[in-house]
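Please read the following account alongside the sequence and the model.

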Amino acid sequence: MDAPPTDAVSLTDVAVRFRTKKRDVTALADVSLTVAPGEFVALVGPSGCGKSTLLKLVAGLLAPTTGEVHLGGERVRGPRHDIGYVFQRAALLEWRSARRNILLQAEMRKMPGDLARRRTAELIAMTGLDGFEDAYPHELSGGMQQRVALCRALLHAPPVLLMDEPFGALDALTREQMNTELHRIWRETGTTVLLVTHSIAEACYLADRVVVMSPRPGTITEVIHVGLPAERDYTDVMGRREFRDATGHIRGLLGAAHGDE
Ligand code: ADP
Ligand code: MG
């Protein structure tokens, strides 16, 4: 019998407690989750429920208080290089062009120059940044800056991409465009994605499964399988029954107070 495929990411009975002088905070409790290779999983939940903490565990930037985290079948014991990370703020270096911001990843990882330049050119084409290679961050719109951040995160072809509210600072229209493009890029690259978002619509449009978390201490309330077809047009998806069922259900779980843009 074949061995089961290795999970891209797994968290087993994870808890995270932060001890500060003033108080102890349990950020995550009793979290178990597995993500299959190539899967797109979104995390939604109230502010402060431990979503960013969960991504930091996977990246190895933080150790769980109890439980285990595995990435590509290997126990995470420190910062991992086989991930890409995109944050809400693009955090580009102002004095470097778009291309040289992307190449920063290669410099940090000491990638061979030829490979780095070839990958950069491919990613620039894939993310629609052609013609903006030599622009500086202040010359780029917020959406363009996030494309550069995405290229930088994907340069070393990480098997797992972590995204923490990557489109939270963008206007609604740009956000929709970025969603459409991220979906295409995800299909083209086959990368496993863990996306934290405040938007239920974004989560359901992009993800195979949406993990709904409870208020602190963050636990997993429910995992929803969205079930949209692989080919998805943004406008078409909004009218689909699977989409409306999933967003409605999640809105119910999070409480009517949860606004969605
Ligand atoms: P989310 O991303 O879901 O908004 P976070 O993962 O950032 O939530 O934080 C979860 C909880 O843990 C919050 O209450 C936050 O204040 C707390 N927390 C996060 N990081 C630290 C830290 N380094 N020290 C103390 N408390 C922290
Ligand atoms: Mg956060």
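A residue is called buried when its relative accessible area is under 20%, exposed when that area is over 50%, and partly exposed in between, using a 1.4 Å probe and protein chains only. The model is predicted, so local features need pLDDT of at least 70 and side-chain atom pairs count only at pLDDT 80 or more, while totals for chains, interfaces and linings use all residues. Residues are numbered from 1 along each chain as its sequence is written, and side-chain values use heavy atoms, with hydrogens and water left out.

The charged pairs come first. A salt bridge here is a side-chain nitrogen of Lys or Arg within 4 Å of a carboxyl oxygen of Asp or Glu. By this rule the structure has 17 salt bridges. One of them joins Arg19 to Asp24, with N and O 2.6 Å apart. Arg19 is exposed at 60% relative accessible area, and Asp24 is partly exposed at 49%.

Another salt bridge pairs Arg240 with Asp236, whose closest N and O atoms lie 4.0 Å apart. Both partners fall in the middle class of accessibility: Arg240 is partly exposed at 27%, and Asp236 is partly exposed at 41%.

Arg241 forms a salt bridge with Asp245, at an N to O distance of 3.4 Å. Helices are DSSP runs of H or I with at least four residues, numbered from the N terminus. Arg241 and Asp245 are 4 residues apart in helix H8 (residues 241–254), which means that about one helical turn separates them. Arg241 is exposed, with a relative accessible area of 60%, whereas Asp245 is partly exposed at 44%. Elsewhere, salt bridges with shared partners link Arg147, Glu181, Arg184 and Glu188 into one network.

The nonpolar interior is described by cores. A nonpolar core is a set of buried Ala, Val, Leu, Ile, Met, Phe, Trp, Tyr and Cys residues joined through side-chain atoms within 4.5 Å. The largest such core holds 54 residues, and the members touching the most others are Phe40, Leu150, Leu161, Met163, Cys204, Val210 and Ile250. Helix H4 (residues 142–154) supplies the largest share of this core, 7 residues.

What does Leu150 touch, leaving aside residues up to four places away in sequence? With contact taken as heavy atoms within 4.5 Å, Leu150 touches Val86, Thr127, Leu161, Met163, Leu182 and Ile185.

Methods. Chains lettered and ligands numbered in written order. Helix = DSSP H or I, 4+ residues; strand = E, 2+ residues; numbered from the N terminus.
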